[in-house]
Number of protein chains: 2
Amino acid sequence: MSDLIKIAVDAMGGDGSPKKIIDGIILNHSTNKNNFFKIFGDKNKIDPLIRGKIPAEFFELIHTEKKIESTDSPLEGAKRGKDTSMWLAIQSVKDKEADIIISAGNTGALLVVSKLNLKMIENIDKPALSALWPNKKGMSVVLDLGANIECSSKNLSDFSIMGASLYTSLYPNDKPNVALLNIGSEELKGNDTIKETYQLLNEKKSDNYNFAGYIEGNHLMDGEVNVIVSDGFTGNVALKTHLFTILCLV
Amino acid sequence: MSDLIKIAVDAMGGDGSPKKIIDGIILNHSTNKNNFFKIFGDKNKIDPLIRGKIPAEFFELIHTEKKIESTDSPLEGAKRGKDTSMWLAIQSVKDKEADIIISAGNTGALLVVSKLNLKMIENIDKPALSALWPNKKGMSVVLDLGANIECSSKNLSDFSIMGASLYTSLYPNDKPNVALLNIGSEELKGNDTIKETYQLLNEKKSDNYNFAGYIEGNHLMDGEVNVIVSDGFTGNVALKTHLFTILCLV
């Protein structure tokens, strides 16, 4: 058991929960026996969905009837208390009872409750939302996708470090190329914040990644850049425009 | 002749100019005899491309050897003088010798030289770049696509008026729905500027358009909204991400 990766799951968040969440756990277990699931939520609803579907030594149910609603503001969500399924799941990572936490629930609350409970990495001011974005050669890490509407050059510079770390943990053999999402590839393009970030990253040499300058929206899928850094507003619009275009065309 | 629409064309701007530009004029003329082209550029290069391809009564060549380069900054472009092909083409609209001006050249210079020569509409502070964006039901007007990196709520409110006017001139039978591009559809989402713009547009009732609130990137193609308003940074990233996704998938 101790070799298994311990995954805390907020079973009560997101559309179609808890069934969709539990179905996901069962699907994962069908091909991967390396994970142990600590499942937080309403035992009466979850137990019939999972019992007999995966062996008892691969999961644990932690009962709570309280949950954060998708319509809550981030603060309303946090104020529902320390015994919601999301809070308890996050708390289990803080208490080192789980290695990571997964929730499909209220994203704003997830950020706020996580920041309250889990410390930020030293010198990093803000958490970011990230996704893997398909390109012609593989996957890019893109961040921030909406956690931070307004970002300073320090934030964007931090996201470069965070994104490069995530990329390297996924693809340990590659030294990632990091670029800033901008409206042109020339140095004079963009707003003051992005130009300041360019200067910061250009001056700071890192052993962990190469700074590749600016990237335009039409080059996101080329695969030359592995980590794409943006403020949360632009990143969110780009993500939604892009994903919906794919959905609409395939 | 006087019934023809007079189109001033900067023949020397853009990749593959002047040939691509003149080919476009010839292509247009093959299906549309309502346009008269005032073509500005190097006569020695343009004359062999057009002579004999369309009748002489449908075009006029205005010779200049000077042109704005794509690598010029907007101000560098403007400082090349009043006898570049772009400047002369714009000037002809000011002098009422042409109805509109078309250029595939340096966009920044086009904005600056146009603003210097052609007055802004009263009470409108900034010009915007606009495009027709295909949706499930037809076309939407989207602006700004990159002219204004940072926009105030006044600018965004102006763009609503400008976009609605453009839409109505293209589709006179429809009263357009106007929406602000944002990261969520709830009123509390977005940055301060976009929230202020929401308030401005919500309070100001217009006979010319309906204010439809916020629109997210994944709903741009639904066709429920006819005019989509954004700052130039976000709009540019959305446009490039979107168009490239289509190019990549078709």
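User: How many residue pairs in polar contact does the rule find across the interface of chain B and chain A?
Analyst: This is a predicted model, in which local features need pLDDT of at least 70 and side-chain atom pairs count only at pLDDT 80 or more, while totals for chains, interfaces and linings use all residues. Residues are numbered from 1 along each chain as its sequence is written, chains are lettered from A and ligands numbered from 1 in the order in which they are written, and side-chain values use heavy atoms, with hydrogens and water left out. A polar contact is a pair of N or O atoms within 3.5 Å; within protein, one must be able to donate a hydrogen and the other to accept it, and residues adjacent in sequence count only if both atoms are side-chain atoms. Across the interface of chain B and chain A, with both residues at pLDDT 80 or more, the number of such residue pairs is four.

User: Which element gives the most to the side of chain B that touches chain A?
Analyst: Elements here are DSSP runs numbered from the N terminus, helices being H or I with at least four residues and strands being E with at least two. On chain B, α7 (192-203) and α8 (232-249) each supply at least two residues of the side that touches chain A. With 13 residues, the element that gives the most is α8(B).

User: How much area is buried between chain B and chain A?
Analyst: The contact (heavy atoms within 4.5 Å) takes 31 residues from chain B and 32 residues from chain A. Buried area is the accessible area (1.4 Å probe) that two parts lose on being put together, summed over both. Carbon and sulfur atoms give 76% of the area buried between the two chains, which is about 2800 Å².

User: Which residue of chain B forms a salt bridge with A:E216?
Analyst: A salt bridge is a side-chain nitrogen of Lys or Arg within 4 Å of a carboxyl oxygen of Asp or Glu, and the count between chain B and chain A is two. In the one formed by A:E216, the closest N and O atoms are 2.3 Å apart, and the partner is B:K240.

User: Which residues have the most contacts inside the largest nonpolar core?
Analyst: A nonpolar core is a set of buried Ala, Val, Leu, Ile, Met, Phe, Trp, Tyr and Cys residues joined through side-chain atoms within 4.5 Å, where buried means under 20% relative accessible area, exposed over 50% and partly exposed in between (1.4 Å probe, protein chains only). The largest core has 35 residues, and its largest share, five residues, comes from α6(A). Leaving aside neighbours within four places in sequence, A:V229 is in contact with residues including A:L156, A:F159 and A:L180. Inside the core, the residues with the most contacts are A:L180 and A:V229.

User: Is A:T84 buried or exposed?
Analyst: A:T84 is placed in the loop between α3 (74-79) and α4 (85-94) of chain A, and its side chain reaches the backbone nitrogen of A:W87 at 3.2 Å. Apart from neighbours within four places in sequence, A:T84 is in contact with A:T64, A:K66, A:K67 and A:I68. With a relative accessible area of 0%, A:T84 is buried.

User: How many residues apart in sequence are the parts that A:E224 and A:K137 tie together?
Analyst: The side chains of A:E224 and A:K137 meet in a salt bridge at 2.7 Å, N to O. Because A:E224 lies in the loop between β8 and β9 of chain A and A:K137 in the loop between β5 (130-134) and β6 of chain A, the parts tied together are separated in sequence by 87 residues.
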